[in-house]
Amino acid sequence: MAPILQVRDLTTVFQTDAGPLTAVDRVSFDVGRGEILGLVGESGSGKTVTGFSLLGLVDPPGRVAGGRVLFDGRDLVGLPEPEWRRLRGRRIAMVFQDPMMTLNPVLRIDTQMVEALKAHGVADGRDAWGRSRDALGRVGIAAPEERMRAYPHQLSGGMRQRVAIAIALLHDPDLVIADEPTTALDVTIQGQILYEVQGLCRRSGTALLWITHDLAVVAGLADRIAVMYAGRIVEQGGVDDVLDRPGHHYTRGLLASVPRPGRRWARLPQIPGRIPSLGTVPSGCGFRTRCGRADAACEAEPPVVAPAPGREVRCHHPVPDEPR
Amino acid sequence: MSAFILRRLLQSLFVVFVMTLLVFFGVNVIGNPVYVFASPDCNQACVNGIIRSLGLDRPVWEQYVYFMNGAVRGQLGNSFTFGVPAMQLILERLPATLELAFASLVLAILVGLPLGMWAGMRPDALSSRAIMTVSTLGFSVPTFWIGLILILFFSVHLGWLPAVGRGDTVSVLGIEVSFLTLDGLSHLIMPAFTLALFNTSLVIRLARAGMREVLYADFVKFARSKGLSPSRILFVHVLKNIMIPIVTVMGMEFGGTVAFAVVTESIFSWPGAGKMLIDAIEVLDRPLIVAYLMLVVVMFVVINLVVDILYSLLDPRIRFSGAAR
Ligand SMILES: Nc1ncnc2c1ncn2[C@@H]1O[C@H](COP(=O)(O)OP(=O)(O)OP(=O)(O)O)[C@@H](O)[C@H]1O
Ligand code: SF4
Ligand SMILES: [Mg+2]
């Protein structure tokens, strides 16, 4: 069966006073049915904009300027708004970055859940209410009946994110885009939610695009990883492949800066410099101003090297494949 | 919640008390009403008689104590001119004023909310810029001028609308109202519009600002990601949020609108309490002035209290933090 999501050369541009800024630059990746893909990148690398592009939720001055988003074989780019609406929430759902901001402060939880069901044809109010309450129970919320009648501000951040996850899973969608849903939460809650979402998606066969800046999170969660830098996917592949044998110098730098047992006393090497802001990304390889291996060749667009099926590295001089 | 209300109530009582001092002593330093009532051939003995009959021979503080003594029992003294309780005179005229003020607030929301929401949704459209220009004018053009222009155009020139009075009224629960008869409505529309101009401009600004903020909120995007229809998002998710500041501000403006009605009532000879106040000031009818001002003060205080409570009903965050206090 074809992957549920095939993204090809997706390009999203923001029209600003300083000219067009390309936040997502010719991004291509697949998410298989029931698969978990981790999309990793530093702050500002374009992860959230990628997520919004997949749902047709990029607002002016931004727009999807090119490429294709094949969902279940159908290209979504340029889809009329009513068609988008039939997909959103029902077949593709999203969980947002900041749980404190995603629920409407003046509407009760039950209102916000029931409307999500009614938007896609669940007509019976009592049925919708019951389904919503059960969904809250499934994401680990105690006393769901009471929580249904609460307002968002009466719930903790972790609880609110669980509500958002429950809403996203209401229709058993084919794909959930989770945009760093645990970043704003404390570590123990992070772990619980991660584990629960993984379980729920595995059970219902829901594919998951998990966006994060935290390599440790994807290591334990994802099947495959795509690494994003300045709007581009620089490397992707199976999670163990990429983490054990990074092919791109950026990925290697990221991995080296992650603390790990046994290296406790060593000073962690950091990638020099900072991620360039959108207007200042260098031509050719966007990473070349920070890359130790960069040479004159890197001023040209790097080729995609595919050392193995499903494994891609976008680099002139990939890291030699030697087990570390 | 009840502790919150009790505290606000005590604060309100204190405000009213301070205002009695300000109003009573303030009114007592302007002019001397005796000379308004004394005929030119009144001699000193006659003037003294008037002074005594009005109670003005007593020291001011004693007059105040006397006034307060009555005030706590709801008696604010007799009008110098009419010789009947001032409160009774005001209450007879008040329904007309309240109807005018209320109609103008409803008009302000009915007109201002859609215009402001539109301007917030399409900030760069020509129509939106036109709306914002009109709202700026609405703030800066004086009420009496608008009123006169309206009368000139619709009453004198076109002859469509009557320029003065309330028109036919019907009694609802013992209160005379104009808006339920066609004739009354035609009398109400121009003064209500005149009085509403300022508040309409205010609602336009608030609605536009609210839209600019709320439309880009994460929760709106999340609502869209659920596949909700645009109308559900606009009329439930967005509207409920932008109504919070609008209801609050309009509630607080109600007192000001009643006070401002003085000008509008004079232009359109609307037989309300504001017009009566102007007449009372002319003849220095102190009890009537004091009674009117005290009524306005109490109204402001009560409105603020009601708005606080209403606000807490609209905004669950306030409601529940109130409960914790
Ligand atoms: N409305 C906008 N107008 C202009 N530029 C924008 C807009 N929204 C996003 N961008 C730009 O797009 C780029 C990518 O932003 P995005 O939010 O996708 O980053 P991210 O990877 O999700 O980062 P974070 O980890 O901080 O969430 C950023 O450089 C940002 O400045
Ligand atoms: S293309 Fe050149 S600059 Fe870019 S990562 Fe590879 S070696 Fe470094
Ligand atoms: Mg983001």
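I began with one residue in chain A: the bridge partner of A:Val305 in β12(A) is A:Val313. This is a predicted model, where local features need pLDDT of at least 70, side-chain atom pairs count only at pLDDT 80 or more, and totals for chains, interfaces and linings use all residues. For my own bookkeeping, residues are numbered from 1 along each chain as its sequence is written, chains are lettered from A and ligands numbered from 1 in the order in which they are written, and side-chain values use heavy atoms, with hydrogens and water left out.

**Entry 1: strands in chain A**

Helices (H or I, at least four residues) and strands (E, at least two) are DSSP runs, numbered from the N terminus, and two strands pair if DSSP finds at least two bridges between them. Strand β11 (residues 304–308) of chain A runs antiparallel to β12(A), with three bridges. The two form a hairpin with two residues between them, and A:Gly310 in the turn has a positive phi of about 75 degrees. Strand β10 (residues 232–238) of chain A also pairs with β12 (residues 311–314) of chain A in the antiparallel sense, over two bridges. There I found A:Glu235, whose bridge partner in β12(A) is A:Val313.

**Entry 2: chain A against chain B**

Next I turned to the two chains. Contact here means heavy atoms within 4.5 Å, and it takes 29 residues from chain A and 22 residues from chain B. I noted a buried area (the accessible area, 1.4 Å probe, that two parts lose on being put together, summed over both) of about 2500 Å², 61% of it on carbon and sulfur atoms. Which residues of chain A lose the most area to chain B? They are A:Arg85, A:Val106 and A:Glu115, together 22% of what that side buries.

I then checked salt bridges, meaning a side-chain nitrogen of Lys or Arg within 4 Å of a carboxyl oxygen of Asp or Glu. The rule finds four across this interface. A salt bridge joins the side chains of A:Glu115 and B:Lys226, at 2.8 Å, N to O.

For polar contacts I used a pair of N or O atoms within 3.5 Å; within protein, one must be able to donate a hydrogen and the other to accept it, and residues adjacent in sequence count only if both atoms are side-chain atoms. Between the chains there are 12 such residue pairs (both at pLDDT 80 or more). On the chain A side, β6 (92–95), α3 (99–102), α4 (109–118) and α7 (157–169) each supply at least two residues. The most come from α4(A), with four residues.

**Entry 3: the domains of chain B**

I finished with chain B, divided into domain 1 (2–72) and domain 2 (88–324); such bounds come from an automatic or database domain assignment. Their contact takes 20 residues from domain 1 and 15 residues from domain 2. The area buried between them is about 1600 Å², with carbon and sulfur atoms giving 79%. In domain 1, B:Arg8, B:Val23 and B:Val27 lose the most area to domain 2, together 29% of what that side buries.
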